[in-house]
Structure formats: C-alpha cells, structure tokens
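Dear colleague,

Please find below the structure I am handing over to you, with its sequence. My findings follow directly after it.

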Amino acid sequence: MRFTTSWVPLATALASTMPAQVVASIENPSLLPTPPMGFNNWARFMCDLNETLFVDTADAMASTGLLEAGYNRINLDDCWMNYDRADNGSLEWNITKFPRGLPWLGQYVKSKGFNFGIYEDSGNLTCGGYPGSEGYEEIDAETFAAWGIDYLKLDGCNVYPKEGRNLQEEYKYLYSHWHDILSRMQQPLIFSESAPAYFSMTDNLTDWHTVMDWVPEYGELARHSDDIIVYGGEGSAWDSIMTNYRFNTLVARYQRPGYYNDPDFLISDHPGLSLDEKRSQFALWASFSAPLFISAHIPDLSSEDLKYLTNQALIEVDQDPLAQQATLASRDSSLDILTRSLADGSRLATILNHGSDPAETDISLDILGLSTDCTYKSQDLWDGSTQNIKDTIHVKLDTHATAVYKIEIDQKCSAVTPTGIIFNTASGKCLTGTTSSVGFESCNGSKSQIWKVDASGLIRTLSDPSKCLTADDKAISLKECKEDGAQKWSYVTTGNLKNLDTGNCLTEGEGISACGFEVNNQVFGLPAGVQLA
C-alpha cells in the first residue's frame, strides 16, 4: 500500500464507512489484501530454533486445523544464520540448526500448504549479534528469493546515523532502500517493518509519529511498539499485551487494505495468562484486523487454545476486506468499547474489561454510531448466539475478558456515523464538551466525551447533538450548529484536526493554535471511519 499525507475533507475520509454494495468497488492491493496469519518462533523460543521445531510446527498446524483456519505462514526469526557471511557476501544458515538447509525447509513447509518467511536486520548486526543487511541489501534479497521466501521481517537493531542524517532519517533511508529493492523484484517479498518500535518508548513522540507516517509507503505491515513479552520473561504477560494494545489504538488512522499495524505476536501458551486473557488478546487483535502470528509451542496447545484461535467468526473479522481497525467508542477506568464497520455493512462492537473486578453494564447503541430507534440483530462472536437488541447491549464480563458482537444493520435504519472518543495520543486524555467548556479530561465514558463526526466535517457530542465543535480565534467551544467554516474540520494521517475557517489545529491545553509538525499536543485518535482513503 502506498499513500501520501494530505489534507482531505471528512466527506472523503468517510469512504470506508460505505455500505457493502459500494465497498465492492474498492481496489485492494494484490500483495497482501488481508492481514497475514501464521507462526513465528521468537516470543516462545527466541534463539532456540532449529529444523525440527519448524517441521513439527508445520505438521501440528496442518493436523490441528490452524492451517485450515487461515494460519498459512511459517516465519523464522533471529539467530538462524552463521555469524559470518560467505566469501561472496551472502548469508548462510547455521548447518547445526538446519542440517538440510533453508531451501529444503521452505520446500517442506510449502508441501504442507504454508508460505515461508524470514528475519533480517536493517543495521550492521541483528539483535542477536548475527550479520545485519546494511550494505548487503541486494544480495540478501536475491538470496531470500532463491530460497523460496516471500516474507521479510526487517528489524532495527544496531542502526547508527551516517553523516548528514539523524537517527530517524537513517531508518528512513535504510527502509526506503529495502523498499526500492523489493519493488524491483519480479515477485516482491511482503515487507514487515520494525522501525517504529525503536522510537515508541519516549515522552516526546514526534520521531515515532514521523516514522509511522512513512512506514506505510514502504511496506505491508509495521511493528509500532516494544516486543511482546517472551516466554518466561520478567514482568506481567497481561501488562505486555495491554501495552501493545494501547499503542495500537494510537495508530488506527494509518491502516487500510494492504497496510496493517502490527501489535506483535499471539502468546497463546504463556504461563502467565489466564484463558480469558488469551482469548482477549486474540479478540482484540482480530478486531484491529491485525496480523495474527502465533508464537507458541504448537504441538502442545490445549484444546481450549485451539478453539479460540480457530474461531471462524473472529477470523473473518480479522480478514474483513475493509481492514478497518476498530477504534475507541468509549473508555473509562474499567471498560474499553471499540467499534468499526465491516464490508457487509454490519457494525462490530468489542468490549474489553481491563479492570481488576468483574463488570456488568448496558452499552447504549448510539455510542457505536447506531440509532437508538431501530431494532438490530446482534450475534455474539464467541458462541454464535443471536438476539434482537434495541437501545442497548447488555454485557457481563469477568476481569480481563472481552466480548465481541456483530450487529446487522437493516436498510430501514439510518446509516452509521463514525462515533467515539477524540483523544490525544500522547496524554491519553479525551476531548470533553459541555455547555460551559470544551477541553481535555481523563476519559470517563460520559457522552460529553463521545463525538459524532459528520461527513460534512461537523463534530458534535452525544450529550448535546444540537451543538457543534466551534473554533473562535484561539478558543474552542460548543455552539448551535450553523455549518459554517468555524465548525468544519478536516483530518490528516499525521493525526491533526484542522479548522477550515482559521487554518489552525486542535491543540490540547491551548484550544487551537498554528499547526506544528507531529507535536504531542496536536496528534489525535478519531473514531473508525474518519480515516484517509
């Protein structure tokens, strides 16, 4: 997927909410039309990889139903190679770990119905200390293609800026160089980029945002944050999942068919996770249309693990051709409610209990962008049960559990309007509108923090839909909707909300001000559907 950053009216940005009959005309890129699914060894085995592991994994995935469910990629991670290149500069596999060689292994997994992927690093060494690709990009690409590989995960360890470039520019140079090489190949490799992860753990997110701006131009998916916890690693596995989940909610605006935000692996046999927590990770990743790569000992997966990993309804959500990433409709101290549209015209509702206690509540349908005057058919995607709902969905969740519903929309009901919180991606605070003030507060789930974004560019709260977000000099307020320039807003991939009348950008703590470049207080997450086409 290739796109450029530009300002667009929200009417254009809302193209991804079109009904199913219109969606059919959207052109999907051919290289990776839906998110990839499969296996990677890293989070479970790290450098403890060998031929037997991948042969056993392929056999188990074929026999347990994982291949049939769509997990059709077998990918090697770091530490597969020798510490030195061959005399001609090419990489060589470790013959102790892979005695019959990687071409043989590739042929074997392909004979079982899988594709074959590999790992390299954009710097001079991999994270494990093996030869990196810097200066050898052409020969490495040719080598991988000759071995039957069609997927490259390119890491970012040991990258150092050269004269005239800062660190972010060095990453861009290296990844763009790889992009150019892959684009010239007769059969380009799928390109998984790790560059953003190296800029995510800072207070000033300008460089991270900048890298996120360019990675969709060069590849098909990008890891945006820290590695998910490895098997037996220190710390909480659930906290690690929630960290990567949180980062994924910050970058929904970049995703579209052909480019996918990657929150890292499904750690389905991690001993630190409850079954509800494992199911939640899978459900959240599927709701995001994220890559689904299992990093676990596949032959020993329990029947309970295999059951949720092969849940066809949720896999269909993940593989939905719209690839619209679910975004936050509401957030409070216990519940995150996410929603998105699907290609058949239905609406998805995903509810995560991230709190420490069980939760039970009624969720108003208007926060999902639906009418409270209609009756809808709702399907629970965990058990397949259906019910008719009007006004609300009733949910009851144990701690760290997630519910997912697919809601059919009758043509007699009004079309979906993108609805949800508008939040600053650095502070995490929600735009809050009341009759007395408009500003940013801690997210609390109130309707004063839930916004409907009209195709015309008007933005109004659910608490008072007669009033619109209005720019007045450097202040913002809620005023009666007049549909003039002071109430029209546009959205851009950099995450800025720009006012049509003033030309200034929404700014946390300042109302509106001159638009800066990727500054923390001007980058916002908006509801699903308000994305650039």
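In this predicted model, Arg165 lies over the face of Tyr173, 4.1 Å from the ring centre. A further charge over a ring is that of Arg44, whose charged end sits 5.0 Å from the centre of the Phe45 ring.

Concerning aromatic pairs, a search of the whole structure gives 20 of them. One of these joins Trp80 and Trp147 edge-to-face, at 5.7 Å centre to centre and with 85° between the planes. Trp80 belongs to the loop between strand S3 and helix H6, and Trp147 to the loop between H7 and S5, so the pair ties together parts 67 residues apart in sequence. Both Trp80 and Trp147 are buried.

Tyr171 and Tyr175 have ring centres 6.4 Å apart and planes at 20°, so this pair is stacked. These two tyrosines are four residues apart in helix H8, about one helical turn. Tyr171 is buried at 3% relative accessible area, and Tyr175 is buried at 0%. Both belong to one aromatic cluster, which also includes Phe191 and Trp214.

Phe191 in S6 is also the bridge partner of Leu152. S5 and S6 (residues 190–193) pair in the parallel sense over four bridges, and together with helix H8 (residues 167–184) they make a right-handed β-α-β unit.

Strand S5 (residues 151–155) has five of its five residues buried, so it is largely enclosed by the rest of the structure. Tyr151, Lys153 and Asp155 point one way from S5, whereas Leu152 and Leu154 point the other way. S5 also pairs with S4 (residues 115–121), in the parallel sense over five bridges, and Glu120 stands opposite Leu154 there.

Yours sincerely

Note on methods:
Residues are numbered from 1 along each chain as its sequence is written. This is a predicted model: local features need pLDDT of at least 70, side-chain atom pairs count only at pLDDT 80 or more; totals for chains, interfaces and linings use all residues. Side-chain values use heavy atoms; hydrogens and water are left out. Buried means under 20% relative accessible area, exposed over 50%, partly exposed in between (1.4 Å probe, protein chains only). Two strands pair if DSSP finds at least two bridges between them. A crossover is right-handed if, with the strands pointing away from the viewer, the path from the first strand over the helix to the second runs clockwise. Rings of Phe, Tyr and Trp (its six-membered ring) pair if their centres lie within 6.5 Å; planes under 30 degrees apart count as stacked, over 60 as edge-to-face and the rest as tilted. A charge sits over a ring if NZ of Lys or CZ of Arg is within 6 Å of the ring centre and within 35 degrees of the ring normal.
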